[in-house]
Structures are given as structure tokens and as C-alpha cells.
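Reader: I've got a model open and want to talk about its pockets and cavities. Can we go through what the labels rest on?

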Amino acid sequence: MEWEVIIKWLPKFIQGAILTLELVSIAVILGLILAIPLGIARSSKRWYVRSLPYAYIFFFRGTPLLVQLFLVYYGLAQFDSIRSSFMWKYLRDPFWCATATMTLHTAAYIAEILRGAIQAIPPGEIEAARALGMSKPKTLFYIILPRAARIGLPAYSNEVILMLKASSLASTVTLLELTGMARTIIARNYLTVEMFFTAGVFYLLISFLLVRGFKLLERWLRVDACQGR
């Protein structure tokens, strides 16, 4: 291993890691916001309410993220209406194309996580809230969503880790995140093993920190739930 070369290029890898964290953070936060109404609609008993989110989730879970990324980055530029709209200044930027695609992709998975969490809530808790005179919106915001958050948090943490690894696909649209930065450096020094090894170590460190952070959050929510009883 060329340790001196690895140390030399560490600032560039840190730069790539920061871009990776930006991509993942924006995607999983906006994806969660988008997934909340989708998950609620998917858990509805009315077929016409859950049919549209079902189609959205089926498409984004049934097609590869790479294909979706190419459709957004290369495909939307083919439409004159897109190029002449206010959205073009964002859609011609690979960062926002990757962020938008990752957001739409992860929202589909998070929506299914939320749907499963909502359906896993014991019916007695919802019935108790209604028996106390709580309206449906209040029951949703004060009982259903908080309980679903606790139930779905482990699966959501897994989705965040998966999006961290999937962010490497952003390098295919010229973004210099961790994988893209490693490929760029390899083109200069031809040290493939050393550079990809360094990128892998960065991915491992970020994953470790995310896992520990979610573990602490799960523990805190579990303690809070016990105190609430």
C-alpha cells in the first residue's frame, strides 16, 4: 500500500465525503417529508386513495436507481418545455439532478416503511384515542405518527445506510463524491487498489457513525416510551 500517496490525497477524499453527506442528508430528509403523506395514503382502506401512491412506489422500487438517475439527468433535457422553465437551472446541475432522483427513490421505500409501521400499531391504541374523543387528525398526529416513528426507525436507519452506498452512483453524472473523487484520483496516479480502499474506509466510517447515531436515537425513544407508561 502506498500510504504516503493516500495521505497526500486525503483532503480530496474529505471533500468527496462532504459532498456524499450533503447528497444523502438532503435525500433522506426530503424523502421522509415526501414519504409521510405517501405512507398515510398507502395505509388507507379506500382503494382510490392508495392507488396513486401505490403506482409511485411500484415504479421507484421496481426500477434501478441508476436508470432513474439517467432518466432525470439525460432524459429531461430532451424536452423544450423543461429547458425553458424555471426548473432548468436546477435540472442542468448534476448535484440537483442526483439529489432529486435520490429523494424520489428513497421516498418510495420510506413510504412503505411508514405504511408497515402504521399497520403494526395495535388497534387498541387507536381505539382508545378515539374513545377519548380525539378527532382523526389529532389521532394521526399525536398517536399514530409518533408510534409509527418508533416502530419504523430501525428500518429507516437501514434505508439511510442503503442511500449512503447508493450515492456512489452519482459519480456517473460527473459528481465528485467519494466514488467519483476516487476515480478522478486514479486517473492521475493509477493506484486503483489504494484509492478505492481509501474510499471504502470513508464509507465504513460514515456508516459506523450513522449506525451509532441511530442506535442512540432508538435507545432514547425506547426510554421515553417506557417513561410515558
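Reader: What makes up the lining of the second largest pocket by class: how many nonpolar, polar and charged residues?

Author: That lining has 14 nonpolar residues, one polar and no charged ones. Nonpolar here means Ala, Val, Leu, Ile, Met, Phe, Trp, Tyr, Cys or Pro; charged means Asp, Glu, Lys or Arg; the others, Gly among them, are polar. Leu-32, Leu-114, Ala-148, Ala-149 and Tyr-156 lie nearest the centre of this pocket, and each of those five residue types is on the nonpolar list. Before we go on: this is a predicted model, where local features need pLDDT of at least 70, side-chain atom pairs count only at pLDDT 80 or more, and totals for chains, interfaces and linings use all residues. Numbering runs from 1 along each chain as its sequence is written, and side-chain values use heavy atoms, with hydrogens and water left out.

Reader: What makes something a pocket, and what a cavity?

Author: Both are sets of points on a 1 Å grid over the protein atoms alone: in a cavity a 1.4 Å probe fits but cannot get out, while a pocket is an open set with protein on both sides within 12 Å along at least five of seven lines. Lining residues have an atom within 4 Å of a point. By this rule there is one cavity of 30 Å³ or more.

Reader: Which residues line the largest cavity, and what is its volume?

Author: The lining is Leu-65, Leu-69, Ala-98, Met-102, Ala-166, Leu-169 and Ala-170. By class that is seven nonpolar, no polar and no charged. The volume, meaning the space filled by probe spheres set on points joined across faces, edges and corners, is about 40 Å³.

Reader: And what is the volume of the largest pocket, and which residues lie nearest its centre?

Author: About 720 Å³, with Ser-43, Ser-44, Lys-45, Ile-126 and Ile-144 nearest the centre. Its lining divides into 10 nonpolar, four polar and five charged residues. Helix 8 gives the largest share, five residues; a helix is a DSSP run of H or I of at least four residues, numbered from the N terminus.

Reader: How do you know where the transmembrane regions are?

Author: That comes from the record: an unreviewed UniProt entry lists residues 13-41, 53-76 and 190-211. Such annotations may be inferred rather than shown by experiment. In the model, residues 190-211 are 91% helix and 0% strand (a strand is an E run of at least two), with end C-alpha atoms 33 Å apart.
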